[in-house]
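User: Could you walk me through this model? I'd like to begin with the pockets.

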Amino acid sequence: MSYPTFRSKGTFKRLEMSINRCGRVQSKHCITLDIACLIQLSEARALSRDLKCQLTDAEEYKGTAIDRGHKIEELEKRLMESEMLRTRYCNKVSLLKDQMRSSCDTAHQERTMYEHTTQILRDDLAKAKANYSDALRRENILLDFRRSIVKILNLDMSCPDYEIISKLSTLVNAHHDFTLVSKRYDEPLKSPCHHVHQHRTPTPRYTTDDSGFMDPLDDLDSDLNNIYNKRPHHRGLS
């Protein structure tokens, strides 16, 4: 290998200086390249970290989406069940409405019938009240008549009816007998010389002048023998 020969020392120095300059330029260029590589490496690492974070977020989003999908399916099932229940309840509500209408119609008919029956009962009650008041009036008249008879016969007010009727029958019989005797005494005497047959009308047996005692004695006897006017008999011990 042949080396170049330098004729003078100045030329050698200039060459050495140029070589040093070239080394410095190359070293600076290498440092710049290393810095650029380091920057790219840091950027790549940051990008990798970002991608890892995004991948983690994507996995979380995927899990959340799966959970939400399950929830959506459950909600859809519930919605279908709710629709079925709504349809069933709508049918029940329509059926209940029909039953309520029929019940209202039946209740209206029954109320009309009950009102008519109530009106009939009110009319019957008014008639019964009128009959009751009439019966009370007649009862008061009969009680007044009984008091008058009791006063005439000089009896006690607490005496029973059969005793009053017995006394009254005795009085009527006595009055009737007295009337017959009075009529016999009032008849003209027959003349013994003249046998004249006069046509006489038969005197009624039970005719009296008192208009208040015109009933026959047979009717009084039948009234006395009536089961409601008999004196109660005390049965002896057998």
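User: Which helix gives the most to the lining of the second largest pocket?

Analyst: In this predicted model, H1 gives the most to that lining, with five residues; helices here are DSSP runs of H or I with at least four residues, strands are E runs of at least two, and both are numbered from the N terminus. A pocket is an open set of points on a 1 Å grid over the protein atoms alone where a 1.4 Å probe fits, with protein on both sides within 12 Å along at least five of seven lines, and lining residues have an atom within 4 Å of a point.

User: Which residues line the second largest pocket?

Analyst: The lining consists of Leu-142, Leu-143, Phe-145, Arg-146, Ile-149, Asp-161, Ile-164, Ile-165 and Leu-168, and the elements giving two or more residues to it are helix H1 (9-153) and helix H2 (161-186). By class, seven are nonpolar, none is polar and two are charged, where Ala, Val, Leu, Ile, Met, Phe, Trp, Tyr, Cys and Pro count as nonpolar, Asp, Glu, Lys and Arg as charged, and the others, Gly among them, as polar.

User: How much space lies in the second largest pocket?

Analyst: About 240 Å³, taken as the space filled by probe spheres set on the grid points, which are joined across faces, edges and corners.

User: What makes up the largest nonpolar core?

Analyst: Five residues make up that core, namely Ile-149, Val-150, Leu-153, Cys-159 and Ile-164, and H1 gives the most, with three residues. Such a core is a set of buried Ala, Val, Leu, Ile, Met, Phe, Trp, Tyr and Cys residues joined through side-chain atoms within 4.5 Å; buried means under 20% relative accessible area, exposed over 50% and partly exposed in between, with a 1.4 Å probe and protein chains only.

User: And what is Leu-153 in contact with, leaving aside its neighbours within four places in sequence?

Analyst: Leu-153 is in contact (heavy atoms within 4.5 Å) with Ile-164, Lys-167, Leu-168 and Leu-171.

User: Switching topic, where is Asn-154?

Analyst: Asn-154 sits in the loop between H1 and H2, has a positive phi of about 60° although it is not a glycine, and is exposed, with a relative accessible area of 70%. Most residues other than glycine have a negative phi.

User: How many helices and strands does the chain have?

Analyst: The chain has three helices and zero strands, and 5% of its 238 residues count as buried.

Key. Residues are numbered from 1 along each chain as its sequence is written. This is a predicted model: local features need pLDDT of at least 70, side-chain atom pairs count only at pLDDT 80 or more; totals for chains, interfaces and linings use all residues. Side-chain values use heavy atoms; hydrogens and water are left out.
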